[in-house]
Amino acid sequence: MQYGAFLLTYAEIGLKGKNRGKFEESLRMQVEHRVRRCGEGFKVSREDGRILVLCPEEYDYDKVVTELARVFGVNGVMPVKLVPSTEYELIKSEVVNYVKEVYGDKPFTFKVFAKRADKSYPHPSPEICADSGELILKNFPNSSVDVHNPQEKIWVEVRKNTYIYSVVIPGIGGMPIGTAGKAMLLLSGGIDSPVAGYMIARRGVVIEAVYFHAPPYTSERAKQKVIDLAKEMAAFTGTIRLHIINFTDIELYIDENTPHDEITIIMRRLMMKIACRLAEREKCNGLITGESIGQVASQTIQSLYCTNEVCNGPVYMPVYRPVIAFDKQEIVDIAQRIGTYETSIEPYEDCCTIFVAKHPVTKPNLNIIKASEACLPDIEDKINEAIATEDIIVCKADVDENL
């Protein structure tokens, strides 16, 4: 069956009270942007607690479903038979036509569900269910009713028009992109940071990203790996501006002038400091990292305390760590689900792994770390020089490239 429309449900937006309309419109705009990737002729509108997508006569069903299910804020995608009427006898006959087109003569158990957007509609939901179910039984002898565990759930929603469906494709939920500010993701080539960026974006946050490159110690292929990860994330988050910073001189400067076991934590502090400056310039409302407690030496509670300190001034920049309490397998599961895992495990190391100390300090003392940083008198000049190397790459999902 070629469906002429899709109904999209949402969850949290329905709780937004007087601001609900703004969130619905943001979601409508996000859906409209996504279906443009699938061709011309789609029309997207808001309708009584739903988003309605009207389709052209010809379109790629699988592609449209994939795009719609990836929109943050969409809870369910229902391909529907649209009946441009609320006339009761017509609705009942169209339910029969729908079942014939979708199920034919195959045996199945079912239960009918009904909703009325307008409670003054003269036929209450139980009546719609009973009358529709009776007609299905009459016209399809191989069918039977099972109210407890039906194989098929057939929905009839009476709104401005009537929508009949039995397939609900899960969306990824969350909030529409752009409804919760903007943040700067510290993106590496690992598994964790793309997952962290995805999780924060799912709450409606626009993502920018910064990657610290260290040529010749890290290759161009390592940089390309991070660009690829940003593109894979963009399939969910929308376009990501990736800020690439040459970090080589800073790393060598740290390596030559500070205790070897403190290199990792000092390097991390300076990355956070640079990320804060970029975030402030780009009007971001925080940083995002993929840190998880105890996973590596720079992610102990004491280490996180030390790295957070550099974000306290001169402009305070909060740090969001959505996978902070996850174990590695939980992070891997999400990475596999969003399609970044295979890229993340490609064998191209970033600067964090190249310059890691053999025996890094795991319980750093902030005063000692600051004393070691005092041995870096030219560090502000080095930071400014690193920021001056910035290269910004606009990363879009691959499907965008032909637009």
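Buried denotes a relative accessible area under 20%, exposed over 50%, and partly exposed the range in between (1.4 Å probe, protein chains only). Helices (H or I, at least four residues) and strands (E, at least two) are DSSP runs numbered from the N terminus.

The model is predicted, with local features requiring pLDDT of at least 70 and side-chain atom pairs counted only at pLDDT 80 or more, while totals for chains, interfaces and linings use all residues. Residues are numbered from 1 along each chain as its sequence is written, and side-chain values use heavy atoms, leaving out hydrogens and water.

**View 1. Strand E11 (residues 206-213) and its parallel partner E10 (residues 182-186).** Seven of the eight residues of E11 are buried, so this strand is largely enclosed by the rest of the structure. E10 and E11 are joined by five bridges; pairing requires that DSSP finds at least two bridges between two strands. Opposite Glu 208 of E11 stands Met 184.

**View 2. The crossing of helices H9 (residues 301-309) and H13 (residues 366-373).** Their axes, lines fitted to C-alpha atoms over the stretch in contact, come within 10 Å and cross at roughly 50°. Angles run from 0 to 180 degrees between N-to-C directions. From H9, Tyr 305, Cys 306 and Glu 309 meet Leu 366, Ile 369 and Lys 370 of H13, contact meaning heavy atoms within 4.5 Å.

View 3. Thr 264 is buried, with a relative accessible area of 12%. Leaving aside residues up to four places away in sequence, Thr 264 touches Ser 298, Val 356, Ala 357 and Pro 360.
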